[in-house]
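Colleague: I have just opened this one and would like to go through it with you. Could you talk me through a few places?

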Amino acid sequence: MSLSSTPRVRIAPSPTGDPHVGTAYIGLINFLVARQGGGKFVLRIEDTDRTRFVPTSEQMIFDALRWIGLSWDEGPDVGGPFGPYRQSERTEIYQKHAEILLANGAAYRCFCTPEELEASRKQQIAAKMAPRYAGICRKLSEATIESNLAAGKPFVIRMRVPWEGSTTFRDELRGDITFEHTNVDDQVLMKSDGFPTYHLANVVDDHLMQITDVIRAEEWISSTPKHVLLYQFFGWELPRFWHMPLLRNADKSKISKRKNPVSLVYYRQAGFLPQTVLNFLGLMGGGMPADINNSTEKFTLEEMIQHFSIKNIRLGGPVFDLTKLKWLNGEYLRALSPDDFYTALRSTVLADDYLKEIAALIQTRIETLGQFGDLTGFFFADDILPAPEVFLPKKRTLEETLAFVVEQLTLLEATDWTTAALEPALKQLGDSHGWLVKENFMLLRAILTGSTMSPPLLESMVVFGKARTLDRLRRFLDAQKKSAGQKK
RNA sequence: GGCGCCAUGGUGUAACUGGUUAACACGCCGCCCUCUCAAGGCGGAGAGUUCGGGUUCGAUCCCCGAUGGCGCUACCA
C-alpha cells in the first residue's frame, strides 16, 4: 500500500441508536475527499459493543446517509473487495491479530476483575494520580497465565505501552502532536467476551481495508497515540490522520441529544430537505473557498466536490445553529417549483402512511371530516408550547412538575418506541415518583399536543415518532427554563 | 486533577502563507412594499480579532505566556 495512491477513506458508525448528524458531517467530509481524489468511500459498521447494540440502528444509518445523498462504494450492504464490513463478522481476524501481539510481547492477558480495576482507579484518583492500568498483569509468569487459563478465568488482552518515551504523530490539520507514554494507558484490545475494542478493530480494519486517510472527529486525538503504537507493533504503515472539529451545542459543548436534535431521523421528519442538511454541514468548519462561501453560502454536493478543500477547515468547534439551518431550509423550500413543493409535503409531513396512522386515531372521535384539523393539529405543527394552566397538574408546583418532565424525558429516551414498551415504563416511573397515571399522562399529553384533549397519548407518540416527540419535550423544557430566567 | 486540542461580532464563515475604514451570511433593530404574516428591497446596531508580552517599519495572521472553551481520561465508540 502506498499513501500516495488514490484515497481510500471510511466512516465507521456504531449502530447504537439513531443516525447522528456528527456521522453525517464526518461522512460528508470523507465522501468529498474520496470523490475529489477519485478514490473510494467505505462504510464500516462498528458493532463490537453488544451491550449498546440496537438492531434497528444499522438500517436507519444506511437510510439516513442515503437520504442526505451520501453513497458508499463499499459497505455491508453493497459489498466490496475488503469485506466483511461489519466488525461483528470479523472477530476471528481480530483474534488472530491479538495473538500476534501476544506472541511478540506487544500485548498481554489481564485477569483483573472489573471490581479490582474500579478499586484501583478510585485509589489513584484519591491520590490525585492519573487513573491508568496499574500493570499488575503486565508481567505474570508463564505458569500463572497457564493456570489462570486452565482455571477458566476470564481475561482481556491489553496493549503493552512502553513505560518510557513518547509517541508523536502528525495531524494533517494541526501538525505534530506528542503524547508522553506516561499518559497513554495500557488499553484493552480484546474484551473478555471475545470482541475487540474500537482501538484494535479500527487499526486492524483500516490497515486491511487499505485506508489511506483516517478522517474522524477531534475526540479521537487523545487515543491516536495508542493507534500509532499498534501500527508500529504490527509493523504497518501509518495512514494520514485528519481530526475534524466537533459540532457543538449553542453553549459550545459537544453536540448532544440533550441540548440539540441530533438524529437525522428528526431532521427528516421535521421537514428539512436533505440538500439543506448537506449544505449546512458543508458550512461547518468552512472548507469552501471564499468567493463561493462568501457570496452565497448555498452550494450543492456537486459544488462541494468541485471546490471544497479539507485543508481549509477551521479548527474551532462550530455551533450547529438551528436558526440558521431553518433559514437555509426556507431558502431551498422557496426555490422549489410549486409542484416540487407539494411533492415534498406529500412525501413527508403529509405522507399517506402518516395520514393513515393519524386517521386511525381520530375516527371514533370525529363527527364531521371538517374537524380533522381540530383534532390533529399538533401532528403537523412544530411549535407547541402549552401554558401552565394547561400542563400544570392542579396539586403540583411548577418546580416539581418540570423536574418530573426531566425524568420522563430521560426515561423516554431509553425506551423502545412502542405502546407496549412505553405504557409500563411510564407507569412505573409515575409510581416511583408518586405521580398518578392521570397526572403523568396528562402532563405528557399537554406538552405533546398543547391541549388536555387529544387522541390516545401513547399511540399519538408512536405515530408522531420518537425523534420529534423527544424534541418537543426538550423544547418545552427549554422554553420553561427561559421564562423562569426572565421572571428572575 | 492529568493530558491534549482550540480561540475573528450572539452564531457560521472571510480577510492573497504580515500592510483592509476587519468583509459576507444568519439572527436582531428600523424603514419600504403590503389586507395580515412571511418573502423581497433598503438601512442600522454589533468584533479592532480573548488578554499580556515578544519578533517586525507594520500583526487577525509568526513566537511565548496567561485566561477561557472543549475533548479524552471505560472490558463505549
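**Loop, core and helix**

Modeller: Threonine 212 is found in the loop between α6 (198-208) and β8 (213-217), where helices (H or I, at least four residues) and strands (E, at least two) are DSSP runs, numbered from the N terminus. This is a predicted model, in which local features need pLDDT of at least 70 and side-chain atom pairs count only at pLDDT 80 or more, while totals for chains, interfaces and linings use all residues. Residues are numbered from 1 along each chain as its sequence is written, chains are lettered from A and ligands numbered from 1 in the order in which they are written, and side-chain values use heavy atoms, with hydrogens and water left out.

Colleague: Is threonine 212 buried or exposed?

Modeller: Threonine 212 is buried, at a relative accessible area of 1%; buried means under 20%, exposed over 50% and partly exposed in between, with a 1.4 Å probe and protein chains only.

Colleague: And what does the side chain of threonine 212 make a polar contact with?

Modeller: Its partner is the side chain of aspartate 213, at 2.6 Å. A polar contact is a pair of N or O atoms within 3.5 Å; within protein, one must be able to donate a hydrogen and the other to accept it, and residues adjacent in sequence count only if both atoms are side-chain atoms.

Colleague: Switching topic, which residues have the most contacts inside the largest nonpolar core?

Modeller: They are Tyr25, Met244, Tyr267, Ile310 and Phe320, in a core of 57 residues, meaning a set of buried Ala, Val, Leu, Ile, Met, Phe, Trp, Tyr and Cys residues joined through side-chain atoms within 4.5 Å. Helix α1 (residues 21-36) gives the most to this core, with ten residues.

Colleague: Where does this core lie relative to domain 1 and domain 2?

Modeller: Domain 1 (90-238) and domain 2 (264-335) both give residues to the core, so it lies between them; the bounds come from an automatic or database domain assignment.

Colleague: Now α18, which of its residues are buried?

Modeller: Leu422, Ala425, Leu426, Leu429 and Gly430 are buried.

Colleague: What do the buried residues of α18 pack against?

Modeller: They pack against α17 (398-413), α19 (437-449) and α20 (457-464), with contact meaning heavy atoms within 4.5 Å.
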